[in-house]
Amino acid sequence: MDSIETIDVDRTDPHYRAWLGDAVRKVQADANRSADTHLLRFPLPERWGIDLYLKDESTHITGSLKHRLARSLFLYGLCNGWIRPGKPVIEASSGSTAVSEAYFASLIGVPFIAVMPRTTSREKCRLIEFHGGQCHFVDDPRTMYAESAALATATGGHYMDQFTYAERATDWRGNNNIAESIYQQLRLERYPEPSWIVATAGTGGTSATIGRYVRYMQHHTLVCVADPENSCFFDGWVTGDADACVERSSRIEGIGRPRMEPSFLPGAIDRMMKVPDAASVAAVRALEAAIGRKAGGSTGTGLWSALRIVAEMVAAQRTGSVVTLLCDPGDRYLDKYYSDAWLAEQGLDIAPYAATLDRFLAEGVWR
């Protein structure tokens, strides 16, 4: 009987493994240098017996919630062998993820290209370029995915694809993810287990992480996702249609998508709200009046929904706590959400929504 030889292909590359080890070390060192983000209190009347908090993700070194995601995506891509020395990382993004990914690409010494809608705020573009990234604009946001994949093929680089891998790259069981951090920071508060956590969805990764963690830890907290105009997530969640889509792009940068993204997990959340864009803008301006901080439009979308939930609790005479997110700073959007000229150009009238918020915070009645 003829013997069969062992077939052995050894692709060991000591130079690549040395580069990989150093790259992973640099990304993990960034996390080790980083303190946790603050949990801010939004002032509410003491007699209500309700506490409202904002998890302030704008204090990350790249200024947004997406810093956590970018770190996880880089570790995921590096450890999977997808990110290679000298080859570009490419991402489809409306801005904040690209800013954070440009930072990590510079940290490990690889090029970065952000494929973004042409309407992305000028400040986000400046920050991407500040961190050494390149902005590649598309006129139709729905083409970002295909354009990113084509660039990766043409350059031999890696398309990060946050909209597919956001929920996979993050360790949702703990390891200092945003959900675990929230519960740790609430530990000494009078209502340490929040009644509701309100998130917004761009990739869906944050709501997936929070929803999974709540269930895994057997908390009684409920999870609500606030969706802006010109986004399909709400309709897809309500109807169960995985192919739901919209034609226009979201005016609230960083959240809302034209298609149901793979990282958005409908079964991990309990409730959704469709929030008018004018209400989102009114809410961020109310936030500035309340705590002296400007924030981006996505923060306003979540805050509007959180305040509606607080109003329900007031009406039902229930006590407890509610948490939402301060996603990124408002100085990235001075030419948008803080510009009356932009509001007029967009046909947005925030006055009725501002009046609703003023009346509620003064009288405890939501109309």
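I take buried to mean under 20% relative accessible area, exposed over 50%, and partly exposed in between, with a 1.4 Å probe and protein chains only. The model is predicted: I ask pLDDT of at least 70 for local features and 80 or more for side-chain atom pairs, while totals for chains, interfaces and linings use all residues. Residues are numbered from 1 along each chain as its sequence is written, and side-chain values use heavy atoms, without hydrogens and water.

**Entry: ring pairs.** I paired rings of Phe, Tyr and Trp (its six-membered ring) if their centres lie within 6.5 Å, calling planes under 30 degrees apart stacked, over 60 edge-to-face and the rest tilted. I got 16 aromatic pairs by this rule. Tyrosine 76 and tyrosine 165 make a tilted pair, at 5.8 Å centre to centre and 45 degrees between the planes. I find tyrosine 76 in helix α2 (residues 66-79) and tyrosine 165 in helix α6 (residues 162-169), 89 residues apart; helices are DSSP runs of H or I with at least four residues, numbered from the N terminus. Tyrosine 76 is partly exposed because its relative accessibility is 25%, and tyrosine 165 is buried at 18%.

I next looked at tyrosine 103 and phenylalanine 104, an edge-to-face pair with 5.1 Å between centres and 85 degrees between planes. Tyrosine 103 is buried at 12%, and phenylalanine 104 is buried at 0%.

**Entry: cluster.** I note one aromatic cluster formed by Trp48, Trp304, Tyr353, Phe360 and Trp366.

**Entry: charges over rings.** I counted a charge as over a ring if NZ of Lys or CZ of Arg is within 6 Å of the ring centre and within 35 degrees of the ring normal. Arginine 259 has its charged end over the ring of tyrosine 145, 3.5 Å from the centre. For arginine 271 the ring is that of tryptophan 196, at 5.2 Å.

Methods
Helix = DSSP H or I, 4+ residues; strand = E, 2+ residues; numbered from the N terminus.
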